[in-house]
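Work through the exercises below with the sequence and the model open. Each task is followed by a solution in steps.

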Amino acid sequence: MEGTVPCDYCLGGSTAAVKTCLTCFTSFCEEHLRPHKELALLRAHQLIEATRNVAEKLCPAHSRVLDFFCEREQRPLCHECSLSTEHRMHRHTALEEACRAKRVLVEARVRLVDNTSGLLQQETATLSEDHTNIVNLSERCSSQLSRAFEEARAKLSRREEEVMEELRNEAQRALSPIEVSMEEHVLGIARLSSVKDSLQALLASEVDPVSFLKASRGACA
Ligand SMILES: [Zn+2]
Ligand SMILES: [Zn+2]
Ligand SMILES: [Zn+2]
Ligand SMILES: [Zn+2]
């Protein structure tokens, strides 16, 4: 997880360290580690697998490796801490063990989050489907209604034309005989007017009685 830890003694940091000394706070490659193995004074130094930020991995109070985990206070402890009066009565587990247990909890949490997220995604998909369905239905209804209204308007307008046509025809049927009679009467009046004219002309003509009677014979027939 940390990647390769470089040896603090090799220039350029290109050589991988094999051990980290907890007394020197230094990481060594195989070559530079040799004094720690050979010199009596250095052999007392505690060596661990090569690691970065070694200070963070040591107990700040005792500068020893944090090997334990206090379950009560949820914090890492060194061997000395675990024996202290403060922690003696608390339940301790190996740090690695505590880490594994915590990892299991975190994994369970990930699964829970995944499930919840999956449910939300399903619900979102359902909502989106409902949304689409309603939009489509509404559009379909709208165009159907619009078509129905258009047909109704066309039908109404056709009906209006028919009714008006019927009305015109009926009026024409009623007017025709009246118009015929009026024309006949106009002709009759004209004819009578000319008869009257000839009668008045007869009256106005100052002829002798024999001629008058002869002329008026046809007039009073
Ligand atoms: Zn080295
Ligand atoms: Zn050392
Ligand atoms: Zn400690
Ligand atoms: Zn404790």
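## Confidence and overall form

The model is predicted. Its protein chain averages a pLDDT of 92, and 98% of the residues score at least 70.

**Exercise 1.** Compare the radius of gyration of the protein chain with that of a compact globule of 221 residues.

*Solution.* 
- Step 1: the value for a compact globule with this number of residues would be near 17 Å.
- Step 2: the protein chain has 63 Å.
- Step 3: check this against the box filled by the C-alpha atoms, which is roughly 195 × 45 × 25 Å along the principal axes.
- Step 4: turn to burial; 7% of the 221 residues are buried.
- Step 5: of the contacts with a separation of 6 or more, 26% are between residues 24 or more positions apart.

**Exercise 2.** Work out the order of the strands in the three-stranded sheet and identify the edge strands.

*Solution.* 
- Step 1: the sheet is open, with antiparallel pairing and the strand order 2-1-3.
- Step 2: strand 2 (26-28) and strand 3 (47-49) each pair on one side only, and they are the edge strands.
- Step 3: neighbouring strands are turned against each other by 35° on average, direction ignored.
- Step 4: helix 1 (residues 30-38) packs on this sheet and touches strand 1, strand 2 and strand 3. The direction of helix 1 makes about 110° with that of strand 2.
- Step 5: for the pairing in detail, strand 1 (residues 19-21) is joined to strand 2 by three bridges. Within strand 2, Ser27 is the bridge partner of Thr20.

## Cores

**Exercise 3.** Which residues make up the largest nonpolar core?

*Solution.* 
- Step 1: recall that nonpolar side chains tend to be buried together in soluble globular proteins.
- Step 2: the largest core here has seven residues: Val5, Cys7, Ala17, Phe28, Cys29, Leu33 and Ala50.
- Step 3: Beyond its neighbours within four places in sequence, Val5 is in contact with Ala16, Ala17, Ser27, Ala50, Thr51 and Arg52.
- Step 4: look for a separate core. A second one has five residues, including Phe68, Phe69, Cys78 and Cys81.

**Exercise 4.** Describe the hairpin formed by strand 4 and strand 5.

*Solution.* 
- Step 1: strand 4 (residues 66-70) pairs with strand 5 (residues 75-78) over four bridges, in the antiparallel sense.
- Step 2: one of the pairs is Cys70 with Arg75.
- Step 3: four residues lie between the two strands, and Gln74 in the turn has a positive phi of about 55°.

**Exercise 5.** Is Arg91 buried or exposed, and why?

*Solution.* 
- Step 1: locate Arg91 in the loop between helix 3 (79-83) and strand 6 (92-94).
- Step 2: Arg91 counts as exposed because it has 9 C-beta neighbours inside 10 Å.
- Step 3: leaving aside neighbours within four places in sequence, Arg91 is in contact with Glu71 and Arg72.
- Step 4: for distance along the chain, take Ser157, which is 66 residues from Arg91 in sequence and 94 Å from Arg91 in space, C-alpha to C-alpha.

Note on methods: Residues numbered from 1 in each chain as written. Chains lettered and ligands numbered in written order. Predicted model: local features only at pLDDT ≥ 70, side-chain atom pairs only at ≥ 80, totals over all residues. Pairing = 2+ DSSP bridges. Axes fitted to C-alpha atoms, helices over the stretch in contact; angles between N-to-C directions. Contact = placed C-beta atoms within 7 Å. Rg over C-alpha atoms; globule rule 2.2 N^0.38 Å. Buried ≥ 20, exposed ≤ 12 C-beta atoms within 10 Å, placed from the backbone. Core = buried A, V, L, I, M, F, W, Y, C linked by C-beta atoms within 7 Å. pLDDT = per-residue confidence, 0-100.
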